[in-house]
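Here is a short report on selected features of one protein chain. Please keep the sequence and the 3D view at hand.

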Amino acid sequence: MKWFHVAALAASVWLAGCAAPGTNPASDPASGMPSTDATPVNERPVVSMRRQAPVAGDMPPVPVSELHSQAVAELQPPADLWERIRRGFAMPDLDTDLVENREQYYVTRPDYLQRMTERSRMYLFHIVEELELRGMPTELALLPYIESAFNPQAVSSAKAAGMWQFMPATGRDFDLQQNLFRDDRRDVLGSTRAALDYLQKLYNMFGDWHLALAAYNWGEGSVGRAIARNKAAGLGTGYLDLKMPNETRYYVPKLQAVKNIVARPESFGTALPLIENHPFFDTVEITRDIDIDVAARLAEVRVEDFKALNPSQRKSIIFATGTPQILLPWENASKFKRNLESHDPAKLASWTAWVAPSNISAGEAARRVGMEEAEFRAVNAIPSGMLVRAGSTLLVPRGDSAPQAVPSHVLNNAQVAYAPEVVLKRFAVRARKGDSIARLAARYDLPAATVAGWNNTSANAGLKAGQTITVFLPVRAGASAAADAVRHGRRANNSAARTKATSTARARSSNKAAPSARARSSKAAPAATARSTKKAAPTARPRKTAK
């Protein structure tokens, strides 16, 4: 038994030695096969490829595997933003006569091309960033060149607004607020988010970027119906196969033309302005209402540049409740924060919002808020001859008692509505047969007591036909009443005239039927005289002559 334990111990030691790495110097450590190299071990270069035996507590070696990627990582960052855009092109190219036509259009208008690209430098980096985060083609960053020439204040004849040209209803579908104080269709961040959401939705719907762009311009319903018609007729359903309006036919070729110019500007004899590959603006939070000119002064930028980065603001003040952040040039954001800390908070805003409690004239509203009527009309763009309807939100001076923040429901629903202003004018009207003050007042929808007071009589007083009564009526109603009075006056005059004429005619008839004796004798006398004269003077006979 003792011998058996010794034998087992010896076998264990031998097996452990065989398992230890590098115990056989004549073996290939990589393959485990005996070495065929006849060079003595002590003459070989000492290059050890063997792994050291693991020490207790070490982690086991991690196996290394090769990573595969379909995209090749760029070793050098883009030299400018144009190069970055080129690297992200992913749409199929369109090669048609319309593309060439649009290329010539842009190339022959270098001033227009220069203005567009210069204007875009404020916004282009942000759009490219958003496209890359979403994995969308960077050709879409060029779309505002086609839509609005990168003008966030652009408004089309169909009321589309902003650099992405959202219609009012489509803007509301994508959560773009539109009220008296701001229009988010013009907002740089909001409209870009909504446009990319919409374009991605259209691509998911049609599975083709050219069709998605056509739908962005023409409407998804129109493109869907055009595809259905072609399917029913056995025709193709691609972008070039569809019959579409002339504007949409040119839409994608325009984008392709701009893409070609950006891709190869030297081929078109043009040079793109340098737009560096870094952010143009920074986002700054605000917690108090602030006038636009005050914000621009604190940021040390021109008011025009401030408005270009914050184009959604429609009034001269930014309400923090509705717009909690503003955009500023990158290097000016820190200046704004520093200057804001040292500025008197009570002098940041000089305006606030006021809700009309009832239908009110501009003059009365101006008196209530302590403004001149002309200034009140100008600030709130109130047309002449109009009342402000109850519930309308208006811009008024901020007094000491004004709240620091306007409620969000007031700002988000801020609208202004008008009603025609009623102007009263004095008119003289004629009473009709059987009229009383009460009956005449009811005819013109007036209180009887009021009409009686205007005429120093009682409400139950009777009136004679044609009697003149003073009333105060709206101009249009008064004109109608005056015309009515004239008609009734004519009728009364005509009636009197007819009565007088009838009396005269009757008198004449009576005189003709029964003439006086004197008149009869006067008429008879001339006749008798004539007869007597005729007898007394007969005609003389001719005398006979002597033979």
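The report covers a helix pair, a pocket and a sheet in this predicted model.

**Helix pair**

Helix α5 spans residues 124-134, and helix α8 spans residues 188-206. Their axes come within 11 Å. They cross at roughly 35°, and the crossing is right-handed. From α5, the contact takes H126, I127, E130, L131 and R134. From α8, L189, T192, R193, L196 and D197 take part. By class, the contact of α5 with α8 has 4 nonpolar, 2 polar and 4 charged residues.

**Second largest pocket**

The second largest pocket holds about 390 Å³ of space. It is lined by 18 residues. Closest to its centre are E147, A160, Q165, N217 and E247. The lining splits into 10 nonpolar, 5 polar and 3 charged residues. Three helices, α6 (143-147), α9 (209-218) and α11 (246-263), each supply at least two lining residues.

**Sheet**

Strands of a sheet pair through backbone hydrogen bonds, either parallel or antiparallel. Here an open sheet of 3 strands has the order β6-β7-β9, and the pairing is antiparallel. Strands β6 and β9 are the edges, and each pairs on one side only. Between β6 and β7 there are 2 bridges. S361 stands opposite L387 in β7.

| Strand | Residues |
|---|---|
| β6 | residues 360-361 |
| β7 | residues 386-388 |
| β9 | residues 418-420 |

Terms used. Residues are numbered from 1 along each chain as its sequence is written. This is a predicted model: local features need pLDDT of at least 70, side-chain atom pairs count only at pLDDT 80 or more; totals for chains, interfaces and linings use all residues. Side-chain values use heavy atoms; hydrogens and water are left out. Axes are lines fitted to C-alpha atoms, for helices over the stretch in contact, and angles run from 0 to 180 degrees between N-to-C directions. Helices (H or I, at least four residues) and strands (E, at least two) are DSSP runs, numbered from the N terminus. A crossing is left-handed if the near helix is turned anticlockwise from the far one by less than a right angle, and right-handed if clockwise. Contact means heavy atoms within 4.5 Å. Ala, Val, Leu, Ile, Met, Phe, Trp, Tyr, Cys and Pro count as nonpolar, Asp, Glu, Lys and Arg as charged, and the others, Gly among them, as polar. On a 1 Å grid over the protein atoms alone, a cavity is a set of points where a 1.4 Å probe fits but cannot get out, and a pocket is an open set with protein on both sides within 12 Å along at least five of seven lines; lining residues have an atom within 4 Å of a point. Grid points are joined across faces, edges and corners, and a volume is the space filled by probe spheres set on the points. Two strands pair if DSSP finds at least two bridges between them.
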